[in-house]
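Hi,

Here is the structure I promised to send over. Have a look at it first, and then read on for what turned up.

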Amino acid sequence: MKSIYTSDENPFFQYVLGLGDDALILGQRWSEWLSKGPNLELDIAASNLALDLLGQAEMLLTYAAELEGKGRTADGLSFLRDGQDFRNHWLVEQPNDDWGVTTARMLMFSIYQYLRYEKLAKSSDARLAEIATKALKEVSYHRRFAAEWTIRLGGGTEESNRRVQRGFDILWRFVPELFETVAWEQDLAEKGLAAASDSLRAAWDADLSEILAEADLKKPEGESRLMGSRHNGHHSEHLGTLLCELQYLQRTYPTAGGAVW
Amino acid sequence: MKSIYTSDENPFFQYVLGLGDDALILGQRWSEWLSKGPNLELDIAASNLALDLLGQAEMLLTYAAELEGKGRTADGLSFLRDGQDFRNHWLVEQPNDDWGVTTARMLMFSIYQYLRYEKLAKSSDARLAEIATKALKEVSYHRRFAAEWTIRLGGGTEESNRRVQRGFDILWRFVPELFETVAWEQDLAEKGLAAASDSLRAAWDADLSEILAEADLKKPEGESRLMGSRHNGHHSEHLGTLLCELQYLQRTYPTAGGAVW
Amino acid sequence: EAGEAEFQARIDADEFIEPKDFMPEAYRKTLVRQMSQHAHSEIVGMLPEGGWVTRAPTLKRKIILVAKVQDEAGHGLYIYSAAETLGTSREEMVSQLHSGKAKYSTIFNYPTTSWADVCTIGWLVDGAAITNQIPLCRCSYGPYARAMIRVCKEESFHMRQGYEGLLQMVKGTDEQRRMVQDSFDRWFWPSLMMFGPPDSDSAHSSQNMAWKIKRFSNDELRQRFVDATVPQAEFLGITLPEQVVWNEERGHYDYGDLDWDEFWAVVRGDGACSANRMDARNKALDDGAWVREAATAFAEKQRSRATMIAAE
Amino acid sequence: EAGEAEFQARIDADEFIEPKDFMPEAYRKTLVRQMSQHAHSEIVGMLPEGGWVTRAPTLKRKIILVAKVQDEAGHGLYIYSAAETLGTSREEMVSQLHSGKAKYSTIFNYPTTSWADVCTIGWLVDGAAITNQIPLCRCSYGPYARAMIRVCKEESFHMRQGYEGLLQMVKGTDEQRRMVQDSFDRWFWPSLMMFGPPDSDSAHSSQNMAWKIKRFSNDELRQRFVDATVPQAEFLGITLPEQVVWNEERGHYDYGDLDWDEFWAVVRGDGACSANRMDARNKALDDGAWVREAATAFAEKQRSRATMIAAE
């Protein structure tokens, strides 16, 4: 038996797939907030975030499918792929929980995405650079929105401070994975194609620390150990239940079976 | 375009399918309680209920598949059937909510199932009579267990009385559907094959009233209007989300596609 | 009395009434009720479709649906704002919705059980809403009329998207066509009831007509909708109910009698999803309370800091 | 002192110690810790598999899985009861689990992400548990030994069912075989760690050996498990890690060094699912509090009613 999908076959495809999967899964999580937000304005904000991320997912997965060159499409990659072939980070697949946890994740991940797209906007791959340039504008807004809400919740009431702090505390264990840099990623980075994840850490820490300080929040300490890696198809249990919903219709009435959607 | 599946083609198949679907969907709901019960004893009780109901579903759906005679199996009917072809009552597909709502549903439905199986144990169809006889013993225990818990919660604390009362109140709107008797069911009943649902109402009311009185609970008043019928494939929104989980693996890796489970 | 006569004269002259203008109390009250009910319908209307966003079958459909639900939140916002110009705050209107005192369109108490339903809601429900609302773009109250112009523009976009979604589905498999037919069968009659009770039973109508906050009768609008919908349904290959037949003499489609008992049962709260909708709204409101409190507290702290700095 | 010598003599003579017999405090304490940890592991062990019951691929598999999870609850119950004979109540033990003071097997902090994992847990995790527990069927404390006999019987049934589930899957599609390999890759090393730290690092071992609440060293049991597992894995067509090689001289499989840093990280609470498991247990406990209170209140009312009737 062959061990699971190894990423060194076609690493640039894997890299772009990972970018697309982060956007797709986080977009799905944001879409869960629809009509459940704390007020109408935040319902609208949540749908903006979902729309931006799903739009990025569509561009990135379309490109990934082309890079793979096996005739798959962005929809095929989204709706008909096994969980173990998803390459998103564990952070984005975690449940929304309350608005405090969601805000903490949004801040942590949008700073990360911002820094990553910023580098990718200068990628030697023109297509990726173009996608990243467009996404960078959107994510810059996400980062600002998240920072404002972190500061508002941190400085609002005792309860809101406690809830958003809890968000950072429980999600902190997913931080090391954001900066895991596998050999083939390093290699792509050296060719000017990708951003080496570890190269983003210092700027991420600095930006986050500054916002947390302004928000009267404590930056969690310690560094959790990685318990599995997205590059090997490892995920938390939450991806599986997310995919049950995400993929149900295509799995049931697949386009390949003649369905038209 | 043809309107949806009409039940008068092969009504006995439809009838047995309905019995099987009630057991399957309620069994699925009970299985959701696993490892989430109020204590270990109730975890074990919940799994007993799930096992009995899933076992009934297997027998009934195997028989239904034979009656249909189109080569489907109990698994095919469970895992690869469209939501609009499910024939279970709306009551069983409602979410578990808390233990109070679950207890109220268990009492309402197990009295109903008991009365139905009691008649079916004398069905002129030997196979159905045999299945019903076996199921009757199990459901008799379910009814007793539900009655005991209804009395315990009704007479326990103010909170438990309020919560189980809420269960009866919110589920009361699904009662009329239990006794809806369509023409072809009446026809089957006259042939001695099936139990006409409306013939169970008086005994159901009497049994429930007695238990509620002992439990210091109020029997809800009024009769809601039917808003759709299982016989036409109408369901509440909860069936669809239940099926996402129930059917995901078979939809993704179907036995027909070579998968072996 | 003089004020009322002048008011009516302005309306008769097709002038817009603006927030600070004189208006009779009954006019104000009727409008607040109608507009808040309309806004509530937008908000509750997010729920049936919102439940399908996570299950949309393609990325394109998912994006379209998120944008549509977002538009509904936006409509809710405009209409609440327009209603606030009459002196009732959004908080008050929302709390009337959540207490069950205020109503919303009965259509949203029907279950959305397939992807075809998502498209059918766009086609029939938004379609019926537009038919109702286009005349309101010329209603006598300025802020409402202006909100309706924007809302109608977006809703006609939603209606086309919904119809287009069904057009795709009927090109697919038999299962998909069956889903479309089933969806139509469940939504057609309730969408006709969106126009309200028959003219013979309709309260307030003549006063509202005189005030130009209603410009056509329920039955007139219903007929207009049926006449537009039938050919669209036929184009999709849908089998129409036998009651729907072309009446050469009237130059309209007949559609028989509607089940008004069902309508009134749903109004009373007996709809299949009535309880779920209110539970979902109340849960969102309760779960979000601490966020709204935090935002208020933070804004106050910022204000008082700004005041202190200004005072130094 | 005399008591302790006599106690040890009984153990040396392979007699069972029973609840009312004399026993050293340290023996009692060690047993309570070990047994409650074992019971907690059964309870927490319901969670990873319980999450897959609603998604089982066939009715047969669903029924088997419900029955298995039910057995685990049953094991938890027996072992808590056996531990209660030592004077610590189940409530106290459970509250130590929920406060994080008591531990459970680290294996349940690994995520269960595919149906193959459900089968692999039966095969490897129950398999390792049995290897650990068979010697405990002859442990010196009577109630524990007797509980272990029943537990081992059921667990070996679970182990065979899990293995059989994988045997089916590898007969299926390439996707299924890939799922099985991936599952093995993730669970093999953690299952070896279930036997605890290497003998060189293992605390309490010699005293526990003398007391006969441990009869073989961690490394001995681990080797026994590896030797049994490798041929089973090969029969499934699984590719074993390259460190696993037959050592002709020893007559055993070598398996290289385990990642003990990972083990200790998981013990400290860094496991992928540690927080989720405790959240799930705490939620069940909190959500069920009113039910347990109601049952107690009802039983008290019944009792006082019975007393009153008796007094009449």
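Let's start with salt bridges: there are 5 of them between chain B and chain C. One pairs the side chains of B:Arg225 and C:Asp259, with N and O 2.7 Å apart. Bear in mind that this is a predicted model. Polar contacts also link chain B and chain C, in 10 residue pairs where both partners have pLDDT 80 or more. On the chain B side of that contact, helix α11 (residues 238–252) contributes the most, with 4 residues. Sorted by class, the chain B residues touching chain C come out as 6 nonpolar, 9 polar and 7 charged.

As for the extent of that contact, 22 residues of chain B and 31 residues of chain C take part. About 2,000 Å² is buried between chain B and chain C, and carbon and sulfur atoms give 47% of that.

Now for the other partner of chain B. Its contact with chain D takes 49 residues from chain B and 46 residues from chain D. The buried area between chain B and chain D is about 4,000 Å², with 70% coming from carbon and sulfur atoms.

Polar contacts between chain B and chain D come to 14 residue pairs, both residues at pLDDT 80 or more. Several elements of chain B give two or more residues to the side touching chain D, including α1 (11–31), α5 (99–120), α6 (126–155) and α11. The largest share of that side comes from α2(B), with 12 residues. By class, the chain B residues that touch chain D are 21 nonpolar, 17 polar and 11 charged.

C:Gln168 sits in helix α7 (residues 142–170) of chain C. Is C:Gln168 buried or exposed? C:Gln168 has a relative accessible area of 18%, so it counts as buried, the cut-off being under 20%. Leaving out residues up to four places away in sequence, C:Gln168 touches A:Val260, A:Trp261 and C:Arg61.

In chain D, have a look at two loop residues. D:Asp14 is in the loop between α1 (2–12) and α2 (25–44) of chain D, and its phi is near 60°, a positive value in a residue other than glycine. D:Lys212 also has a positive phi, near 60°, and is not a glycine either. You will find D:Lys212 in the loop between α9 (205–210) and α10 (218–236) of chain D. D:Lys212 counts as buried because its relative accessibility is 16%, under the 20% limit.

Finally, on confidence: the predictor gives the complex an ipTM of 0.95 and a pTM of 0.96. Chain C has a mean pLDDT of 95, with 99% of its residues at 70 or more. Where pLDDT is low, the predicted coordinates should not be read in detail.

Cheers

Notes: Residues numbered from 1 in each chain as written. Chains lettered and ligands numbered in written order. Heavy atoms only, no water. pLDDT = per-residue confidence, 0-100. Contact = heavy atoms within 4.5 Å. Buried area = accessible area lost by both parts, 1.4 Å probe. Salt bridge = Lys/Arg side-chain N within 4 Å of Asp/Glu carboxyl O. Polar contact = N/O pair within 3.5 Å; in protein donor to acceptor, adjacent residues only side chain to side chain. Nonpolar A, V, L, I, M, F, W, Y, C, P; charged D, E, K, R; others polar. Buried < 20%, exposed > 50% of the residue type's maximum accessible area, 1.4 Å probe, protein only.
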